[in-house]
Amino acid sequence: MPADPQPSVTSPPPRTTASGPVEVRRSTRRRKSVSAYREGDRTIVLIPARMSEAEERRWVAVMLDKLEAKENRNVLGDRELSERALRLSEQFFGGRARPASVRWVTNQNTRWGSCTPSEGSIRLSHRLQGMPEYVVDYVLLHELAHLLVPGHGPAFWRLLEAYPRTERARGYLEGVVAAGRLPHHDVAGEE
């Protein structure tokens, strides 16, 4: 027999911050702990049911700050991105792919990355920031491979076969694209 679901109440209405909507869920089983996580474009904050509205506001602010700090720690700067690209090139391509520059850009909304072999420049979409490391590594390797083989012919894909998470990363990115096409319903007024 399945366990009884944890009783909870969502504090209406969800708030919206710079990072998207915030939904507070109160639980009678939660005694002291407060936690938060991202669920798509919204942030879920879990608090004890007995908390006052003032405590809720304070804890929501604390948890949003903690989440943002954690996410910022996980974002590589351009220098770290370049170093990572060199390590990946060494590991998977014997160091043959040597980019002149590797950087994040905010003007790529339909591509994950791009490469200009004649300049040796690689650009990754800022939309990759915060995605799992293996996904960022795959996109970096994909663009590094273009420094060695232009186009997407058989020789190009043979290079990427060296990376064991190629299919997994491609599946992840396909899922992100598919999720972006799903209709978004406003659930604020639903019960």
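Two strands are said to pair if DSSP finds at least two bridges between them, and the strands themselves (E, at least two residues), like the helices (H or I, at least four), are DSSP runs numbered from the N terminus. In these terms Thr116 stands opposite Ser121 in β7, and four bridges join β6 to strand β7 (residues 121–125), the two running antiparallel.

The model is predicted, so that local features need pLDDT of at least 70 and side-chain atom pairs count only at pLDDT 80 or more, while totals for chains, interfaces and linings use all residues. Residues are numbered from 1 along each chain as its sequence is written, and side-chain values use heavy atoms, with hydrogens and water left out.

The protein chain has five helices and seven strands, which follow one another from the N terminus as β-β-β-β-α-α-β-β-β-α-α-α. Of its 191 residues, 37% are buried, where buried means under 20% relative accessible area, exposed over 50%, and partly exposed in between (1.4 Å probe, protein chains only). Contact means heavy atoms within 4.5 Å; among contacts between residues at least 6 apart in sequence, 39% join residues at least 24 apart.

The pairing of β6 with β7 belongs to an open sheet of three strands in the order β5-β7-β6, in which the pairing is mixed. Because β5 (101–105) and β6 stand at the edges with a single partner strand each, one side of each is left without a neighbour in the sheet. Direction ignored, neighbouring strands of this sheet are turned by 20° against each other on average. Angles otherwise run from 0 to 180 degrees between N-to-C directions, with axes taken as lines fitted to C-alpha atoms, for helices over the stretch in contact. Helix α2 (residues 78–93) lies across β5 and β7 and runs at about 130° to β5, whereas α3 lies across β5, β6 and β7, running at about 150° to β7.

Helix α3 also holds Asp137, which counts as buried because its relative accessibility is 13%. Leaving aside neighbours within four places in sequence, Asp137 is in contact with Arg84, Leu88 and Tyr163.

Elsewhere in the chain, β2 and β4 pair in the parallel sense over six bridges, with Arg26 standing opposite Ile47 in β4. Seven of the eight residues of strand β2 (residues 20–27) are buried, so β2 is largely enclosed by the rest of the structure. Met51 has its place in the loop between β4 (42–48) and α1 (53–73), and, at 8% relative accessibility, Met51 counts as buried. Beyond neighbours within four places in sequence, Met51 is in contact with Arg26, Val34, Glu56 and Trp59. The C-alpha atoms of Met51 and Ser27, 24 residues apart along the chain, are separated by 9.9 Å.

A pocket is an open set of points, on a 1 Å grid over the protein atoms alone, where a 1.4 Å probe fits and protein lies on both sides within 12 Å along at least five of seven lines; lining residues have an atom within 4 Å of a point. The second largest pocket holds about 360 Å³ of space, a volume being the space filled by probe spheres set on the points. Of the 19 residues that line this pocket, Trp112, Gly113, Tyr138, His142 and Glu143 are the closest to its centre. At least two lining residues each come from β6 (113–116), α3 (133–148) and α5 (166–181), and α3 supplies the largest share, five residues.
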